[in-house]
Each structure stands twice: as structure tokens, then as C-alpha cells.
Amino acid sequence: MDLFDKLKELREKGLEEIKKASDEKKLDEVRVQLVGRKGELTKILHSLREVAPEDRREVGQRVNELRDLFNKQLDDSKKSLLAAFIAKKMEDERVDVTLPGRRSHVGSKHPINIILDDLEKYFIGMGYTVVQGPEIETDHYCFEMMNLPKDHPARDMQATFYIDDENLLRSQTSGDQARVLEKHDFSKGPLKMVGPGKVYRRDDDDAMHSHQFMQMEGLVVDKHVTMSDLKGTLEMIAKHVFGQDRETRLRPSYFPFTEPSVEMDVSCFNCNGKGCQICKYTGWIEVLGAGMVQPNVLENAGVDSIVYGGFAFGVGLDRFAILKYGIDDIRDFYTNDKRFLEQFRKEED
Amino acid sequence: MLVSYNWLQDFLNLDQDPKDLAEKITRTGVEIASVNHPQEGLKKIVVGHVLDCKAVEGTHLHLTHVDVGEDEPLQIVCGAPNVAAGENVIVALHGARIAGNEKIKKGKIRGMESYGMLCALQEIGFSDSTVPGKYVNGIYVFPEDAEVKPGDDVYQALGMDDYILDFDITPNRADTLSMEGAAYEVGAIVNEKPQIENVVLKEDGPDWTSELDAEVDEKLAPKYYLRKVSGVKIGDSPLWMQRRLWNAGIRPINNVVDVTNYVMLLTGQPMHAYDAKTFKSGKLVVRKAEKGEKLTLLNDKEIELDPNDIIITDGDKPVMMAGVMGGKNSEVENDTTDVILESAVFDGTLVRKAALRHANRTEASSRFEKGINWDNTQKAIDIAALLLRNDASATVNAGEIKATDQTRKPAVVKTTVSYINNVLGTELSSDEMVKILDRLCFETQVDGDQLTVTVPNRRWDIAIPADLVEEVGRIYGYDNLKSTQPLLAETHGGYSEAETKLRRVKKVVEGQGLMEAISYSLTSPEKAVRFTMNPKPLAEVEMPLNSARSAMRQNLMTGLVDAASYNFARKENDLHFFEQGRVYDHDNDTFNEHEHLATLYSGSIFEDNWQHKNEKVDFFYVKGQLEDLFEAIGLDENKIEYKAAEINGMHPTRTAAIYLDGQYIGMIGMIAHAVTMADKALRGSELYGYELDLDAIDATLNKGMTSKPAPKFPAIERDLSILVKKDVTNSEIENVILANAGKYLKNLKVIDVYEGSHIEPGKKSLAYNLTFLNEHDTLTDEVVTKAMNKITEALMNDLEVKIR
């Protein structure tokens with residue numbers, strides 16, 4: 001049998017072997033046997049000396065062709081074996097994607113802090129500084145500096161927790177105004193601040209009242225701050241929190257630390273002003289109190305009220321949250337019921 | 001104050017829809033809390049004349065025939081005790097709607113046809129508190145002066161066709177606590193001058209002023225006027241007056257008491273009527289009470305007077321608590337013939353405090369405390385006398401006793417047109433401002449930019465230029481102000497540095513899946529210092545609402561444990577809470593506040609799942625969370641030390657105190673069984689948590705950072721397995737390793753801890769993984785082996801460790 005016949009036979013046998021190899025391991029054995037260093041093709045090459053010199057070139061060429069063929073078949077076969085293997089593995093690994101996932105716990109912010117953070121960011125964007133004052137406040141800062149001398153009837157409006165004659169749990173964040181006014185250097189620019197925090201009142205807890213709640217105070221003082229500026233600022237807050245389509249109105253009101261004093265109402269978002277239980281059939285919902293800083297408050301803090309003036313506002317954060325989220329019991333904020341709090345995971349500040 | 005729209009028409013020609021008017025008043029002056037139209041919702045309610053009435057045997061019922069202005073009288077069965085023939089009464093006809101939207105239909109009562117219902121005032125919407133006493137438990141009977149005839153609607157006769165505006169005043173606007181004051185306010189708003197009438201009283205009896213010697217402390221009552229009327233016939237007031245009273249929320253009593261109330265409603269001046277017999281001694285004294293003095297008030301409340309209460313006495317005993325309420329012993333009764341009227345100004349602060357002290361605020365005291373119009377003292381007492389002559393056939397004795405008679409000068413306030421415009425952001429001319437002030441009946445003198453405004457005495461709230469800004473602004477209309485933004489020099493807004501760090505901490509723990517809680521700062525003195533390593537003197541409130549909320553907390557954990565109890569009681573046992581807030585103490589005689597963070601964990605790390613891959617939270621899970629937090633906020637963990645500690649309320653063998661550079665910064669551990677066992681909901685549960693004093697770590701937190709490239713050279717890891725006595729702590733072993741590892745040790749991890757039967761008793765085995773890295777060069781095995789040898793040698797020498 002000459003080499004050509006041998007090659008022909010090898011070709012048939014080889015292709016058959018490749019075809020028969022049922023896994024990667026067997027295929028590798030076939031590869032070694034056919035094209036390996038000691039494989040069949042190598043053997044044929046080694047016997048090339050026996051071939052007539054004029055045929056050597058052709059035999060060599062045939063051997064190379066056959067090697068290429070085998071390699072290609074081996075690679076193809078390997079690929080398809082791998083594909084089959086993966087296909088099977090994947091089939092074995094199939095999961096029921098409709099089964100529920102393994103859940104842990106997603107953090108959440110307290111609803112009052114969602115409102116607070118939102119407002120803080122809003123005011124920071126408008127150039128306000130966020131200021132924190134003490135919750136155990138002195139009568140001096142909480143009341144006297146705010147134009148509420150002892151015996152002022154408006155003190156009856158806010159039943160205050162006293163610790164002793166001079167110290168109390170602040171019933172309003174307004175004391176922060178006095179502290180900041182005392183320190184502010186107006187030669188370095190206008191004063192723009194918001195002061196959020198906890199406040200306390202001697203009210204028995206019920207659906208509408210809480211002995212602890214959160215307020216945010218705002219104060220802008222400079223040489224030319226007008227009530228029109230206050231109006232514009234309040235309208236923006238109301239629309240930011242309660243929606244651009246809300247109407248607002250200012251009503252005269254009374255606070256010892258502002259003159260004129262106003263309260264702002266927004267059109268009821270439940271009935272849109274037609275009148276419903278939520279707005280007590282008035283079409284309006286009271287959202288905040290504000291006014292132009294009472295000159296005594298400025299003078300008490302050593303600020304010349306002839307030169308400087310400004311506006312202040314106070315926001316009840318619990319009230320904002322109650323209105324915005326339709327909460328009907330203020331105590332829900334402080335009982336920390338998981339089922340209540342976890343709803344606010346969804347809410348952005 | 002409930003203001004009658006119909007009554008307002010005495011002063012003003014109003015032609016607006018009362019609801020529109022109310023909206024205008026709300027936007028301009030005083031909030032109108034509601035507008036009530038009493039007849040609203042009522043239908044087919046007419047006057048009926050009872051023709052005959054007979055008792056139905058064996059029942060409390062009467063069978064009546066009632067003329068309702070139709071051809072035939074109606075047969076109506078009535079259960080009221082006071083029904084009688086000849087009365088004019090309120091009839092709800094078949095098809096009527098009465099209060100509460102209830103429908104009346106003809107029907108049979110005990111077999112008798114009844115074609116309607118005779119009504120009590122409450123049944124057509126009156127409140128119990130305004131119905132005249134004799135009609136509280138029966139049907140209403142029109143008085144003779146009612147001028148009603150059968151078939152008329154009842155609404156007009158009863159004043160129910162009126163609109164009642166509820167003036168929800170702020171304390172500065174006491175001037176609107178009278179019809180005249182309300183008329184001034186509404187007049188200014190609708191730009192119409194109110195017709196306020198003066199009164200001319202002709203005395204027609206003998207002079208009485210020598211009968212009584214009145215001694216009044218001018219400081220307590222700067223104005224004190226008395227008049228006497230004689231020959232009074234006590235009876236009902238005319239219906240027109242009763243209507244006005246009940247529409248103002250006041251119950252008609254008799255023609256004397258009603259006059260005092262009516263005059264107060266009209267003028268804002270509280271009045272009092274004494275039976276003249278009270279002062280038969282010829283003496284009347286206004287002074288402060290003495291300790292031990294007692295007085296029974298008209299509402300039958302017996303009070304022990306306080307030395308700061310102002311009282312009126314007959315020279316001997318108290319007969320009235322000035323400005324608050326009269327005494328039972330000086331009350332006008334059915335047999336009273338002579339009446340002494342008092343119109344006075346009492347010190348507002350003392351009246352307010354007395355009313356508060358005795359929990360007895362009245363219409364009178366609320367007016368005195370906010371300030372009444374000093375110019376109405378005379379007018380009020382004269383009108384009262386005049387009305388008593390009309391209503392009670394009284395003779396007005398000549399003369400008045402004016403025991404004190406100070407005058408109050410109207411406030412004169414100077415300001416400028418430009419100031420008002422600057423504050424409001426308006427461009428009003430001085431003419432426009434003067435017009436506005438004139439609408440308020442303020443007199444203004446103009447001198448260029450300067451305005452000099454004289455404010456009538458009824459307006460207590462105006463003393464400084466800013467007060468005039470408010471008047472001009474509100475009458476001009478806040479709706480008419482522009483909406484602008486402050487045009488100021490640029491400011492850079494933001495959080496303080498401390499606040500920024502707090503926010504970072506909150507963000508990290510929230511990211512760890514914790515739910516934010518907010519608890520009350522006030523708690524019990526016991527809980528205030530539970531879970532607290534070093535309790536400080538408490539900050540306690542003087543008058544707590546209850547003993548469970550009397551002291552300011554010194555830890556946040558107690559609030560979270562309360563929250564856990566609340567949730568466990570509701571079967572919510574997987575809790576992952578945090579709270580960031582303040583704690584408070586009274587250390588070193590100052591009140592101190594510190595920002596803390598506390599977390600509380602219970603139940604499973606994962607929610608229950610079908611794969612049963614659950615892991616319960618435990619000490620080390622929580623500690624891992626804390627370590628992650630420390631890393632995330634840039635706290636150098638090598639400076640942190642955990643030491644087993646005993647803290648009130650915490651599990652004594654599962655709790656550590658945490659130190660940063662030797663300073664105590666917080667604690668971590670399990671809530672003590674003593675705490676959880678004592679709470680029914682928490683019994684048997686394991687609660688873990690930590691609490692940090694954020695103020696204590698604030699200074700060490702990094703401010704800004706510089707990045708380093710990732711290491712370019714490979715690290716080498718080695719494991720180390722040791723056997724050591726049980727009581728040696730991990731921290732002791734780690735300290736030895738760290739001290740001997742050399743500078744290339746980058747990371748040291750505990751990878752296994754074993755105590756049990758496979759090793760020697762009294763021993764435990766631990767395994768560590770050590771990572772070495774040279775950031776600047778390739779590390780050789782040789783260097784690492786040397787370091788490992790040094791470590792093992794030190795461990796063997798210092799801690800008698802066996803290397804496994």
C-alpha cells in the first residue's frame with residue numbers, strides 16, 4: 001500500500017473517529033492519535049524517506065491538507081460538544097423565575113425628615129444656611145428676645161414645659177432667630193437662614209396634638225427686604241411642597257415677633273377649593289405663619305431696625321407631612337410602627 | 001365672637017353675599033372660621049297656634065289641634081310637657097326637614113293620627129347652651145311680643161334667617177369682640193363709615209349717689225362706674241334681644257342679665273348687675289383678695305381666692321370676682337327690685353391670671369385680658385340703664401358713682417410714607433395711605449413724607465410704625481402685593497460642617513437597610529438613664545403631663561426599645577431601626593445636648609424565604625454593621641477598642657463599651673433579659689443594637705480625602721491557626737500579631753473560632769488570615785516568612801499559644 005492509499009484510509013478512519021468521540025476527553029485522545037506529536041500523520045511524515053523523491057512534495061502537501069482537515073473537524077467537533085454540554089448544563093440549571101426573591105431590608109427615612117430634607121435642599125439652593133439651636137432653651141431666647149415679655153398673653157397660647165424659672169423646652173424654633181441675629185455680621189452680607197428642629201408643648205397627645213413636634217424657622221434680614229418678597233417666597237414654598245397648581249392666600253394674623261403677621265392658606269388639594277371635610281368646608285388649608293420681623297426683635301439682638309428689616313416664617317413639618325401624605329393622626333409619627341414607616345421607602349426627598 | 005350679619009346692618013349698608021363678605025374679612029382683617037345660616041337645610045317649619053290640647057290618658061302625650069294658617073287645623077300628637085292651648089309654637093309640617101336633615105312625615109302615634117310635629121328649639125338646630133332655660137326640656141313657645149301668626153315661617157322670628165360670622169380673632173384684635181368694633185372693621189374693609197350711635201340717657205329717679213361709698217384701688221380698676229336703677233320687674237327680655245343673644249351663642253336668662261350681656265356684645269364693655277341689696281351696708285370695695293377668702297360663683301363653683309385676684313366686696317365679704325364672674329350672693333333674682341350696674345376697666349393681666357388660675361375664663365375675662373375700649377365705659381352703662389327702663393320698667397336713678405376715672409390718651413404714631421412703602425414693597429402715595437387710614441377711622445396729619453396718625457382707644461394693637469404698615473398693607477390688600485424674590489447680595493447656602501457629618505452617618509445606616517424612627521425626647525427618669533454608661537444629672541420638666549414623660553432622655557436606645565415593644569405586640573418581629581437625635585443632661589449645672597445615633601435589630605437578617613436561607617441577627621452581625629459604618633465615615637478602626645462592659649439595661653456578658661483613642665464613644669450589645677422579660681411583648685426576644693455619641697467622634701472624622709492609586713504589586717496571604725486558653729480574647733491575640741507583623745501587614749482577619757469537644761478542654765482554636773503587601777515593590781516569600789515567624793514566636797511567648 002502506498003502512502004497515498006494510507007492517507008486515504010487514514011482520512012476515512014480519522015473522520016470516523018472524530019465523529020464518534022462523544023465528549024471532550026475522547027476527542028482529545030483522538031486529536032493526539034491523529035495529529036499529535038506521535039500521531040498517525042506524524043508517522044506518515046516520518047516514512048517520507050521511503051517515498052520517491054518526485055512524490056515527496058505531493059505527499060507532504062497531502063499530509064498537510066489532511067492535518068488541516070483533521071484540525072478543523074476536531075475544532076468544530078469540540079465546539080459542538082461544548083455547545084451541547086452547555087446546553088445540557090443550562091437545562092439542568094433552569095430556575096422558576098416566577099418564584100419570589102430572597103429579600104432583606106431596604107432603609108427608609110422618617111416622613112417628617114423627608115419633608116425636612118426636601119425643604120432644606122430647596123432653601124440651600126436659594127442661598128439659605130441651615131442653622132441648629134438648642135432644644136433646652138432659655139426663657140430669654142425663646143420668649144423675651146422674641147418680643148414676648150413675661151406676662152405676655154401670647155405665652156398662654158403656647159403652654160411651655162419649664163425646667164426651672166429660666167430654662168425650658170423650646171415651644172418654638174424662633175429662639176434660633178435671636179441667636180443668629182445676635183451673631184450675624186451684616187457687613188459680610190445678608191442673613192438668610194432656616195432653622196429646623198424639635199419643639200415641645202404641654203399638650204396632651206391626641207390625633208391632632210403632640211407634646212413633641214418639628215418646626216422650621218426661616219429668616220431673611222437685610223437692608224431692602226419687603227413684604228412682597230415674603231409673599232413671593234411663601235408662594236414658592238407652598239407650590240414646591242403642595243404642587244404648582246395650588247392657589248394661595250395670605251391672611252392677617254398675629255405673632256409677637258412679626259408685624260405685620262400673616263398666615264398662608266393653600267387651596268384644598270382634596271376638593272380643590274370646593275369645600276370638604278379636610279378643609280372644614282372652607283376650601284382652604286392653613287399651612288404656615290409668617291411676617292415682617294418685629295422691630296423689637298431686631299433691636300433686642302442689637303440690629304438697627306431703622307436700617308435693617310426682613311421677614312420670618314415658621315413651618316410645622318408634622319403638619320406639612322400630615323397634609324402631603326394624608327395622615328390623620330399625628331401620633332403615627334412617634335409610635336414608630338414599622339408598617340407605617342415602611343411605606344415611606346418609596347418617597348423621595 | 002359670633003357676629004350677626006343682620007345686626008351688622010344696624011351700622012352698615014351691606015349688600016354682599018355674607019359668604020363673600022366673610023372671605024373678604026378673612027383676607028383683610030380677622031379670620032372668619034365659619035359662616036352659619038341657621039335656617040339652612042330646614043323646610044316647612046311654621047308658626048302654629050294650639051287651639052286645643054288634651055292629655056292622652058295613660059301616656060305622657062297630648063292630642064292637640066293646631067292652626068297653621070290653613071283652612072283646617074292639624075291634629076298633632078305632642079309629647080312635650082309644656083304644650084298647652086293658646087300657645088304659639090313651632091310646627092314641622094308633613095314633609096318638613098328639621099335639624100340633622102331629618103324628615104317629618106304624618107303618621108300614627110299610639111293609634112292617633114299626627115300631621116306634623118311641635119318642635120323644641122334644639123330640634124330645629126339650636127345648641128342646648130343657647131336655648132332659654134324654660135324651653136330646654138320642652139317645645140318652644142313664642143312670647144307675646146313675637147308678632148307671629150299661624151302659617152308664617154319661623155325663621156325670621158327666631159333670627160334664623162340671619163348669617164352668623166364666626167370671628168376667630170387673634171389676641172391683638174380684641175377690638176372686634178363687639179358689634180361696634182366688628183362694624184368698624186367691616187366698614188374699613190367694604191369702605192363704608194359705620195353708623196355708631198351715641199346714647200342720651202334721661203335719668204328719671206331720685207339721686208342715689210349718697211347711698212353707697214365705693215372705695216376702689218385705682219391700680220386694679222382705673223375706671224369704675226356705677227349706676228342704680230329701681231323698681232325693676234324681672235321677666236323675659238323682648239324677643240329681638242333674645243334673638244341677638246342666642247345668635248351670639250349666649251343663653252337668654254332674664255331681662256336684667258340679658259341687658260348686661262347685650263351691652264357687652266354691642267360695645268365690648270363687660271357689664272355686671274348686682275342686686276342692690278348686696279350693698280345694704282352702704283359700702284363697696286374693690287381690692288385684692290386676702291388669703292383664705294372664698295366665693296361661690298354664679299356657676300356654683302366655690303373657689304378659694306388668691307391674693308392676686310381682684311374682688312368686689314360689700315365692705316366685708318367678696319361678692320364678685322372682678323372681670324371674671326359674679327358671686328352667687330349678689331345675683332339678680334326673680335324678686336330683685338333694685339339693681340346696681342357696674343361698668344369698669346379692670347387690670348387685664350390680673351384678670352387673665354385669675355381666670356386661668358381658677359379655670360374659669362368667661363366672655364368678660366377674655367375681653368378684659370385682651371384690652372377693652374376705655375371710651376365705652378360711660379356709653380355702656382347708659383345704654384344698660386336705658387334698656388332696663390324699656391325692658392324691665394326700671395326707673396333710672398339720678399347720678400353716677402365714678403369711683404375711679406382715669407382717661408387714656410389715644411396713641412399717636414409717627415411714620416413715613418416711604419417707610420411703609422419700603423416694608424410692603426409698594427408704591428402708594430400719601431393720599432392713598434391717608435384714605436386707607438381714614439377707612440379705619442384713624443386721623444392722619446400729613447407733612448411731606450411724614451404721617452402722624454392718631455389711633456382710637458378701641459385699637460390696642462397699634463403703637464409703632466410697623467403696626468401702621470400692617471393696617472395699610474391689609475386694607476390695601478395682601479392680594480394686591482406683588483410676589484417678588486429678595487434681591488440681595490449673593491449668599492452661599494448650606495449645612496454646617498457638623499450637620500454634614502450627621503447626614504453622612506444617617507445616609508450610611510439608611511443604606512444598610514435601617515428604618516428611621518423618631519421617638520419622644522421626654523421619658524421616665526428611669527428610662528432616661530437606662531442603656532447609659534455614665535448617667536448624668538437629669539433635665540426634668542417642672543410640670544410633666546405624666547410621669548412617663550417627665551425627664552429628658554440621655555440615650556436613644558430606650559425609645560427604640562419602646563418601639564420594639566410596640567411592634568412586637570403587633571407581631572412585627574424583624575426590626576431594623578435607627579434613630580439619630582439628641583440626648584440631654586444637666587451635667588456641671590449646665591444643660592447639655594449631644595447628637596447620638598442608635599440602632600436596634602431583631603429577628604432575621606433576611607426576610608423569611610422559601611429557600612430557608614435565614615440568619616438571625618446576633619452580636620456579631622450588629623458589630624459588623626457598626627464596623628462598616630466606621631469604615632464608611634472614615635473612622636480609623638485601629639483606634640477603636642471594644643471592651644466588655646456592664647451597662648444598666650444591657651446584657652452583662654454580651655455588651656461592649658466602645659472607645660476611640662481611649663475615649664468612651666458608645667456601646668454595643670444585647671438588651672438585657674431583665675428588660676425584655678419585664679415587657680410582655682418582648683419576652684424571650686433577642687434585641688441587639690448600638691448607640692454612639694456622634695459629638696464624641698465628630699472631631700476625628702475626616703474632612704475631605706485624597707485618592708491613592710490601586711496597588712500595583714501583588715499581596716501575599718498567609719493563614720495562621722492557633723490553640724489558646726479560652727479566656728484569652730481575640731483583641732489580645734490581635735494586639736500581639738499587630739505588634740510583631742512588621743510594616744507590610746495590611747489586613748488581619750479572624751477566619752475561624754472553635755470551642756468544643758475536638759480540642760483540649762479549657763482551650764479554643766482560632767484561625768487568622770493575614771495579608772501582606774508592599775506598595776512599592778514586589779514582596780518576597782522570605783520577608784513574609786520572617787514576619788510570620790516573629791508573630792508565632794511572640795504568640796507562644798506572650799500568650800502560651802500553640803501553633804496548629
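Helices are DSSP runs of H or I with at least four residues, strands are runs of E with at least two, and both are numbered from the N terminus. By that count, chain B has 19 helices and 40 strands. The model shown in every panel is predicted.

**Figure 1. Chain B, overall.** Chain B has 804 residues, and 44% of them count as buried. Its C-alpha atoms fill a box of roughly 125 × 85 × 55 Å along the principal axes. The radius of gyration of chain B is 41 Å, whereas a compact globule of 804 residues would have a value near 28 Å. Take the contacts in chain B between residues at least 6 apart in sequence: 69% of these join residues at least 24 apart.

**Figure 2. Chain A, overall.** Chain A has 13 helices and nine strands. Its radius of gyration is 42 Å, well over the 20 Å that the globule rule gives for 349 residues, so chain A is more spread out than a compact globule. The C-alpha atoms of chain A fill a box of roughly 130 × 50 × 45 Å, taken along the principal axes. Of the 349 residues, 43% count as buried. Among contacts in chain A with a separation of 6 or more, 68% come from residues 24 or more positions apart.

**Figure 3. The two assigned domains of chain A.** The domain assignment places domain 1 at residues 3-92 of chain A and domain 2 at residues 111-346. The centres of domain 1 and domain 2 of chain A, taken over C-alpha atoms, are 87 Å apart.

**Figure 4. The contact between chain A and chain B.** Chain B brings 77 residues to the contact, and chain A brings 75 residues. On the side of chain B that touches chain A, helix α11 (residues 465-476) of chain B gives the most, with six residues. The residues on this side of chain B divide into 30 nonpolar, 26 polar and 21 charged.

Figure 5. UniProt lists Glu259(A) under "binding site", in an unreviewed entry. Glu259(A) sits in strand β7 (residues 258-267) of chain A. The cut-off for buried is 20 or more other C-beta atoms within 10 Å. Glu259(A) has 27 within that distance, so it is buried. Leaving out residues up to four places away in sequence, Glu259(A) touches Gly291(A), Met292(A) and Gln294(A) in chain A, plus Ala466(B), Asp467(B) and Glu470(B) in chain B.

Figure 6. The end C-alpha atoms of residues 39-155 of chain B lie 6 Å apart. The span is 40% strand and 0% helix.

**Figure 7. Thr337(B) in its loop.** Thr337(B) lies between β21 (325-326) and β22 (339-345) of chain B, in the loop that separates these strands. A residue is partly exposed when its count of C-beta neighbours falls between the exposed limit of 12 or fewer and the buried limit of 20 or more. Thr337(B) has 14 such neighbours inside 10 Å, so it counts as partly exposed. Its contacts, not counting residues up to four places away in sequence, are Ser230(B), Gly231(B) and Val232(B). Arg474(B) is 137 residues from Thr337(B) in sequence, and their C-alpha atoms are 50 Å apart in space.

Terms used
Residues are numbered from 1 along each chain as its sequence is written. Chains are lettered from A and ligands numbered from 1 in the order in which they are written. This is a predicted model: local features need pLDDT of at least 70, side-chain atom pairs count only at pLDDT 80 or more; totals for chains, interfaces and linings use all residues. Domain bounds come from an automatic or database domain assignment. Two residues are in contact if their C-beta atoms, placed from the backbone, lie within 7 Å. UniProt positions are given in the numbering used here, feature names are shortened, and annotations may be inferred rather than shown by experiment. The radius of gyration is taken over C-alpha atoms; the globule rule is 2.2 Å times the number of residues to the power 0.38. Ala, Val, Leu, Ile, Met, Phe, Trp, Tyr, Cys and Pro count as nonpolar, Asp, Glu, Lys and Arg as charged, and the others, Gly among them, as polar.
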